[in-house]
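Biologist: I would like to learn how to read a fold feature by feature. Can you take me through one?

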Amino acid sequence: MFFVPHLKNKRGIAFDVLPFPPPCQEAYIGIFTGISVEICNANDIKALYTNGFYGKGSQSRSVPNVVYKDALESVEDDQETLSLSLEESFFLAYYLKILKIQDIDGKELTWQSFKEAASKVNPNFVESLVAYLYLKSKGWVVKSGLKFAGNFLIYRKGPRFFHASFVVVVNIPSNTKHLEAKQIKGLQRIAETSDKDVLILDIHKPSDFQMQTLEDVARLDVTESIIKRFNYTSFVQTQRNES
């Protein structure tokens, strides 16, 4: 029996979306606040969100208000910012090279300094970044999973087209406290209430690992496990309908 992820269509106002932000003559500017990276320019906000669903509007549930504004409407008076996660920011700035991350004093941060700062916010930032890059390489649109007690939510095409298919948990084998059976069951129940499954990514890091270049993340191995409760009644009904 092959596993098929949940793909539940979402209703709502659609807009044109590309998988990656388009090339720009000057890199987008983001301000590192100590927790996230904020994009303040309205045109940059629209470009980043409508070309890959990056970030979350600071004054809306998710989609920045500027996305719905007509091209002829003024966007300069909109005070909403776009909040990028640490993983999104690192990916856009140092792999795609279309974002410049500055501190609150306007000084541009190198990838080493940003990694160090991000690691103070999340001690497992490197492992979380590797999980993010792994999911992006598989073609998923990756968003925060905090609402569902996970690290990420992943979508086919994006959150304006489908509901999330998986709640993703990043697991480091040396620290398995959050993967106790009782906690997995709780996470699974949360996911099932919205037709999602649980995807666990185990990140295996060499004991002598040091991130000295951007390519060093390739030294970490990722293995995935899907946690899904078998519903016998539903399975039998499905088999009867197919026969």
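Modeller: We will go from the whole chain to single residues. One caution at the start: this is a predicted model.

Biologist: Start with the whole chain. How many helices and strands does the protein chain have?

Modeller: The protein chain has six helices and ten strands. Buried residues make up 44% of its 243 residues. The accessible surface is about 14,100 Å², and carbon and sulfur atoms account for 51% of that.

Biologist: What share of the contacts between residues at least 6 apart in sequence join residues at least 24 apart?

Modeller: That share is 62% in the protein chain.

Biologist: Now the core. Which residues touch the most other members of the largest nonpolar core?

Modeller: Phe90, Tyr94, Ile101, Phe114, Leu135 and Met211 do, in a core of 65 residues. Helix 4 (residues 125–137) gives the most to this core, nine residues.

Biologist: Take one of them. What is Met211 in contact with, beyond its neighbours within four places in sequence?

Modeller: Met211 contacts Phe90, Tyr95, Trp111, Lys115, Val126, Leu129, Asp216 and Val217.

Biologist: How do I read a helix for its buried side?

Modeller: An α-helix has 3.6 residues a turn, so residues three or four places apart point the same way. Now the case. In helix 3 (residues 111–121), Trp111, Phe114, Lys115, Ala117 and Ala118 are buried. They cover an arc of only 165 degrees around the axis, so they sit on the same side of helix 3.

Biologist: What covers the buried residues of helix 3?

Modeller: The cover includes strand 1 (28–32), strand 2 (37–39), helix 2 (86–95), strand 5 (99–102) and helix 4.

Biologist: And helix 2: how many of its ten residues are buried?

Modeller: Nine of the ten are buried, so helix 2 is mostly covered. The buried ones are Leu86, Glu87, Glu88, Ser89, Phe90, Phe91, Leu92, Ala93 and Tyr94.

Biologist: Next, backbone angles. What should I expect of phi?

Modeller: Most residues other than glycine have a negative phi. Look for the exceptions. Lys97, which follows helix 2, has a positive phi near 60 degrees. Ala149 has a positive phi near 65 degrees and is not a glycine. Lys157 is not a glycine either, and its phi is positive, about 70 degrees.

Biologist: Where are Ala149 and Lys157 found?

Modeller: Ala149 is in the loop between strand 6 (141–144) and strand 7 (152–155). Lys157 is in the loop between strand 7 and strand 8 (166–171).

Biologist: Why does Ala149 count as exposed?

Modeller: Because its relative accessibility is 52%, and exposed means over 50%.

Biologist: Now charged residues. Is Lys46 buried, partly exposed or exposed, and why?

Modeller: Lys46 is partly exposed, because its relative accessible area is 28%. That value falls between the cut-offs of 20% and 50%. Lys46 lies in helix 1 (residues 42–49). Beyond residues up to four places away in sequence, Lys46 touches Val66, Val67 and Lys69. Lys46 and Val67 are 21 residues apart in sequence, yet their C-alpha atoms are 5.4 Å apart.

Biologist: What about Asp216: buried or exposed?

Modeller: Asp216 is buried, yet has no salt bridge. The nearest side chain of opposite charge is Arg219, 5.7 Å away. A salt bridge needs the charged atoms within 4 Å. Asp216 is in the loop between strand 9 (197–204) and strand 10 (221–227). Leaving out residues up to four places away in sequence, Asp216 touches Phe209, Gln210 and Met211.

Terms used. Residues are numbered from 1 along each chain as its sequence is written. This is a predicted model: local features need pLDDT of at least 70, side-chain atom pairs count only at pLDDT 80 or more; totals for chains, interfaces and linings use all residues. Side-chain values use heavy atoms; hydrogens and water are left out. A nonpolar core is a set of buried Ala, Val, Leu, Ile, Met, Phe, Trp, Tyr and Cys residues joined through side-chain atoms within 4.5 Å. Buried means under 20% relative accessible area, exposed over 50%, partly exposed in between (1.4 Å probe, protein chains only). Helices (H or I, at least four residues) and strands (E, at least two) are DSSP runs, numbered from the N terminus. Contact means heavy atoms within 4.5 Å. Lys and Arg count as positive and Asp and Glu as negative; His and the chain ends are not counted. Accessible areas come from the Shrake-Rupley method with a 1.4 Å probe; for residues, only the protein chains shown count as cover. The arc is that of the directions from the helix axis to the C-beta atoms.
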